[in-house]
Each structure stands twice: as C-alpha cells, then as structure tokens.
Amino acid sequence: MPNRKTALRGLAVALAGALTLTACGGGDGGSDDGGKVTLRFTWWGTEGRADRYQAAVDLFEEQNPDITVQTSFAEFNDYWTQRSTDGTSGELPDVMQMDLSRLLEYGNGGLLYDLGEFEGGVLDTSTIEEELLASGRANEQLVAVPTGTNAFALFYNPDLIEELGVELPDWDYTWEEYREFIQAASEAGAGLEPRVYGGNDYTMVWWMFMLHLIQQGIEPFAENGEMNFTEDDMREFVASADPLRQPENVTFPASRTEQLLPKSGFTSGEVPVELNWDNMLSQASQDAGSDNLQLMPPPSGPDGEKHLFFKPTMQLAVGANSAHPEEAAMLIDFLINSPEAGEIIGTELGIPASQERLDSLQVAPGSTDERVIEYEQRLRDEGHVTESAPFHPEGFGAVEQEYVQVLGNEFGYGRMSVDDFVERWFSEAGNLLITS
Amino acid sequence: MSTAPRPDGATSSVARNERSRRAANRRRGRTLAFHLASWALAVVVLYPGVWMLLSAFRPSNQIIGQTGLIPDETTLDNFRKAFEGIGGISFWTFFGNSMFLAVASVVGVCLSCSVSAYAFARIEFPGRKIFFTLMIGTLLLPFHVVIIPQFIMFNEIGWTDSYLPLLVGKFLACDAFFVFLMVQFMRNLPRELDESARIDGAGHPRIFLSIVLPLMRPVLATASIFAFIWSWNDFLAPLIYLRSPDSYPLPLMLRQYTDQTTVSDYGAQMAAAVLALVPVLLFFVLFQRYIVDGVATQGLKG
C-alpha cells in the first residue's frame, strides 16, 4: 500500500509537468454518429450511487433520444488517478463529478469548460443559492456546479452515552463544555471492556481547525492562496486540547484508531461522539450497525455563535476538451434540476440545494436521510449558518492531508510536540500551497 | 561430549550406540522445532486468506472490525451480489475480460520472449552484448517511472480505452524478465543439438521450432504462470488505459465496491475477491509441477 500511495503521488507531480506538454493536444470528447451525440460521464462512488445515476441517465436518454451517455465510475483515489491521466492527455470526460478540494487544480489549469455561457440557457442555476454556486467559480468562470450541500456536525451515539451515564451538552455548548464532556465520558468508560473514550483529539480534525479560525473571524485562505492565519493561531488551537492529553490522555488513542481501520472508534462503539460531515451519517450508521446515530452542531465560538457554513458535497464539471459542451450542460441541468432525476437521486449527492428539490424528495421516516435533512433545516432555521464555505486554494487537499494523515498520525502517537507539529506543518504548507 | 573418540579412531560399541541415540534425539528435537516453526509461520501467512474466505460468508455489516475467523451468521448473499456484478455489468463480463487479457498475455509472452531469447542465446549478431545489457537495464525501471511517457505515447496513437496498450508490449517481448529467464535456460541446453541440426541443413527458424522450443517446455510453463498471474492481478495499467466499464478486468471491479466517501459493500467485495482468486489458484496448482520440473531439468547438465 505505501508503495502505491507514493507512486500515485509521484504520478500527480509528474502530471503537472506533463500538462504543459499536452495541454494543446486536445481531442474530441465524444463521437458524432449520424447526428447522435455521445457523452462520457464519470463519477466516484460505489454501486448504490451508480444505480441511481444510471437510472437518471436512462431517463435523460429517453427524453433526449439524440444523446447517448456512456457512464463509468471508480473508487475515490482511483478516480483521481484516472482524471489526472485524462487531464494530462486532454481527454477529460464530458461530465465528471468534481470535488471542491481539487477544483482549482483543474479549473486553474484551463482543463474545465466555462459553463457561464449556458447559465440561464440550458443550464438553470437560479435554483442554487449564490453562495454555494460561488464555490464553483474560478477566474470568473463557472467551472463546476454544486449538486447539494453538507454541513459539519457532531455525530453522537445516544445508546452509548446512556450506557456511560453522562450527559451530552445542549446545542449551544462551548468548546470548554465539549472538553468537559470528553473528560467525563472517558472517566465513565474507563472500566468498560473495550475501554470507551469520550472523544477523538478534535484538534487533529482539519475542518475543526478551519471552523475554529472562522469562529475567530479569520477567513483561512485568501483568494491568492495565501494563509490568513499564523503559527500562533494553530498553536493555540492544537494546545487547547492539552488538558485532555495531560496528566492522562483521555482522547481516543491513535494506536487503537489504527487497529480499527477502516472503521472508526465511533462506529466501533468505543467513542460516543465524532466530528464529521453530515452526509457521512449513513455510512457511519451502516458501519456501526446502529439506526440510532444522531447529529448536533459542533461547539460555538467565543461569541456564542456557531458560524457554520454549507459546503458543496460534490460538483459536476465539464472537460474543456469536450466536443459537446452544450449537451453536457443539459445533462448537468437535468441531474440537478429535474424533479424526475431528483426523485431517483435523492440525497445521494448531498442534501439538494434548491427548496423545490427538497420538497419533492420522498424520504423514508426515521431514515438517516431524514435526520440529515432535519439537521440542515434546523441549522438554517435557527440561523447557525452564517458563513460561506472557506476558499479552497490550489493545494488545499494536500495541506489537509498533511495535517490529518502525515503529521496528525505522528502527533497522535505522541512523537511530536505541539510546537513541532505547527512548525512542520507550516514548512510543508509553504511547498504545497500554490499562491499567485 | 563424554564419549570423545579415542586417539586410535575406534570407539566402543556402547559409546557408539549411546552417541547415535543422542544424535537421533537431537535430530528429532530439531525436526519437531522445525515443524512447529513452519506451522506457526503457515498460520500467520494463511490467516488473511482464510479470513477473507470466511468473511465472504458473513453478512456485509459484520465484516469490518472482526478479527475472528468463524462467522456468527453465515449467508450466501455476498456471492449472489458478486455474481450479479456491479454497475449493470455482470461478473462474467469482468471475468471474461480478465481471462482474455491473461490468456493473451501468456500467448504473447511465450511467443515473443522465446524468439528474442533464442536470438540472444544462439545468434552472434553485432551489438548483442549492448542490446542484452539494455534489455536487462529495463528491468531496473519500475512501471511507475515509465507510466506517464507511455500513457502519452499510447494516447497519441489513439489506443487508450482498448486492450492494445496492455497487450502489445507482451507480443513485442517487452517483459525483459521473461527474456532473461529464457536466455539463461537456453544457455544450458547443449549446443551440440543445434549444431547437429545445422549439419543436417536446418536454419535458425527450423532449429528454434524443432529443437529448442520443445526443450523449453519447463521454462515456458514458468513464464506462463507468472505472465498469467501478473496480468490477472494487474490493477494500475487497466485503471489508466481503460475507460469503458464493460472492458474492466476483475481487479478494477473489486475496487468499485468500496469508496471512502460513500456506503461500501465489503461483503460483495470479499465474495468477488474469493471468486477472482479461484482461477489464478487453479492455474497455479495445475502448472506448479512444471516449475519444479523446470528447476530439476536446469540441474541436469550435459
């Protein structure tokens, strides 16, 4: 595994060089066959998503007999290996699923088609909130369209909390109260077999750091890719969990996390709470084998507000090399706007951004979908969503990975002090972030 | 040693018996230790495979996080799902693709590598040493180093989304390892055989086909086994070159069951992995004696 990982990384690096070689290569994304247009459409995911997309695509083909859609899908990491080779050779698919953390790698490289010219035409974007839509813009072009929203949340397992005999704070809790909860739950779980801990080390969750910054009024990254936060900001955040690490560590141990992979401590029933994106609830629920996992927002900032934001779950983009951009835009419009497709796709691509879509959704009562929709609705209604998703500069995915996987791991094993962590991250980030 | 040999070299019969009994004990102790160690190793090595096999019979949600071997509940659902295939494409399509690629690889490797090996081992052509060194040099290049230029090349020719990039190299003796293996094998074949054929008026094609090729059976079997298994397990090259899901081989299919961002079906993945293993295991069991044969013949010189 490590070998392949490094190999893939090498590939990505090599791609950057190769891009300049073949960017002019071009190519026809589909073939014309007697007026019939063929579109290639690809996404990451598993069979569940494939079934829904395929059903929607079948319907689209029925309504547009002149268009044939060739579909394919892959696992997330494999997907990006394929896209980077596609991008290298100017052979990106006509329609592809896109992720915010990778968008600019493709968008800034001129590999994505500017969908702006179809806005108001075949592509209706008026159903999407402008703040959400803005996340798909790069260099004043609309290079990707969001399919739905997700928000950050604290998953909790009421059954385990009851077993521990501790009390979960209310929605308006503070970071201090969150730490107290972890402390209390860890003490209560010390006698259980396997031992239950109150929570993971939340400072090692990249998005918690982002949220912390936003709650301090700092927009993490500037449009030119520069960081708006300092080493002190990060040090203060990482050190905030020190009371949980000393004198005795009451956060979920890194070694146990490693043992449980690909499950987490939370889905193994050894931690009562987990910070995660709300759309991951159904996976968590399946992994945990429990229908009773619930959601609440992360802790409030110093002003008592949540400062939460919606992030596009996924986006759809069109390769700049596409020979049929208009038909590709029609497919995107169909997927995000048509009620028929909405019925088929459900919440697979995140909670639909438009109200009409939401209303037309038929969600099974008591399902995880229903809980996620209710959660986002309550965030909206109670005014917890006050920010727009933080800007993702080029290299965002890489610095996140450095934070969580590379350094986070070492830090979790106690091989690194807070100061070392901050110093190393900043020196790596300087190389990984692409500023202009 | 209490019963050291006497200076004259003779030992008393009592002492001799005593010694041989001790030696036998020691041997038995050593054999026992060896077997115990082998068993312990076998358990460690086989555990993941057995775990996979038994997990395939578990309900999908009971697989991850279970380290025990015996399932609490057994089900054949995973196999039913695996046979249904994924994304509207049946398991047998993937299976057929894998089989086609593997068999074509074996044919390509056997044909092209044996001819090239013949040239290197038997024909004195100018620059032979340099070409041989260059060929061995390609062994040092990992696949990941050449993948980008190779991709660009095949893409310019327009061969992506076909099996050509995966197979053409096999028919052009690009697998230096197999050429090297066959050259070494051929060097051990007695030259007198081809010399006598030459005296009878045979040229290179005739010598190769009638004399050398039949003698190469063991090494061809070895190369076939490796070519089959490597092609069957190959993941990265098909991932990059193939675009249409109905042309995917099995390893790509296996990866489609799990995804970190959505709901994963570990059960069907385990079942499909077991099914994917069966042919390669059979192939190995059927042909492995040829590997042994190959080694044995290698030893018989002259």
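**Figure 1. Contact between domain 1 and domain 2 of chain A.** In this predicted model, 8 residues of domain 1 of chain A are in contact with 9 residues of domain 2 of chain A.

**Figure 2. Buried area between the domains of chain A.** Domain 1 of chain A and domain 2 of chain A bury about 730 Å² between them, and carbon and sulfur atoms give 61% of this area. On the side of domain 1 of chain A, Leu100(A), Ser101(A) and Leu104(A) supply 49% of the area buried against domain 2 of chain A, more than any other three residues. Helix α4 (residues 100–107) of chain A gives the most to this side of domain 1, with 4 residues.

**Figure 3. Residue classes and polar pairs at the domain interface of chain A.** Between domain 1 of chain A and domain 2 of chain A, the count of salt bridges is 0. Across the same interface, 1 residue pair is in polar contact, with both residues at pLDDT 80 or more. The side of domain 1 of chain A that touches domain 2 of chain A consists of 3 nonpolar, 3 polar and 2 charged residues.

**Figure 4. The two domains of chain B and their contact.** Chain B is divided into domain 1, residues 13–77, and domain 2, residues 87–299. The contact is formed by 8 residues from domain 1 of chain B and 8 residues from domain 2 of chain B. Taken over C-alpha atoms, the centres of the two domains of chain B are separated by 34 Å.

**Figure 5. Buried area between the domains of chain B.** About 660 Å² is buried between domain 1 of chain B and domain 2 of chain B, with 85% of it on carbon and sulfur atoms. Met52(B), Ala56(B) and Ser60(B) supply 59% of the area that domain 1 of chain B buries against domain 2 of chain B, more than any other three residues.

**Figure 6. Residue classes and polar pairs at the domain interface of chain B.** Across the interface of domain 1 of chain B and domain 2 of chain B, 0 salt bridges are found. The side of domain 1 of chain B that touches domain 2 of chain B has 6 nonpolar residues, 2 polar residues and no charged residues.

Note on methods
Residues are numbered from 1 along each chain as its sequence is written. Chains are lettered from A and ligands numbered from 1 in the order in which they are written. This is a predicted model: local features need pLDDT of at least 70, side-chain atom pairs count only at pLDDT 80 or more; totals for chains, interfaces and linings use all residues. Side-chain values use heavy atoms; hydrogens and water are left out. Domain bounds come from an automatic or database domain assignment. Contact means heavy atoms within 4.5 Å. Buried area is the accessible area (1.4 Å probe) that two parts lose on being put together, summed over both. A salt bridge is a side-chain nitrogen of Lys or Arg within 4 Å of a carboxyl oxygen of Asp or Glu. Ala, Val, Leu, Ile, Met, Phe, Trp, Tyr, Cys and Pro count as nonpolar, Asp, Glu, Lys and Arg as charged, and the others, Gly among them, as polar. A polar contact is a pair of N or O atoms within 3.5 Å; within protein, one must be able to donate a hydrogen and the other to accept it, and residues adjacent in sequence count only if both atoms are side-chain atoms. Helices (H or I, at least four residues) and strands (E, at least two) are DSSP runs, numbered from the N terminus.
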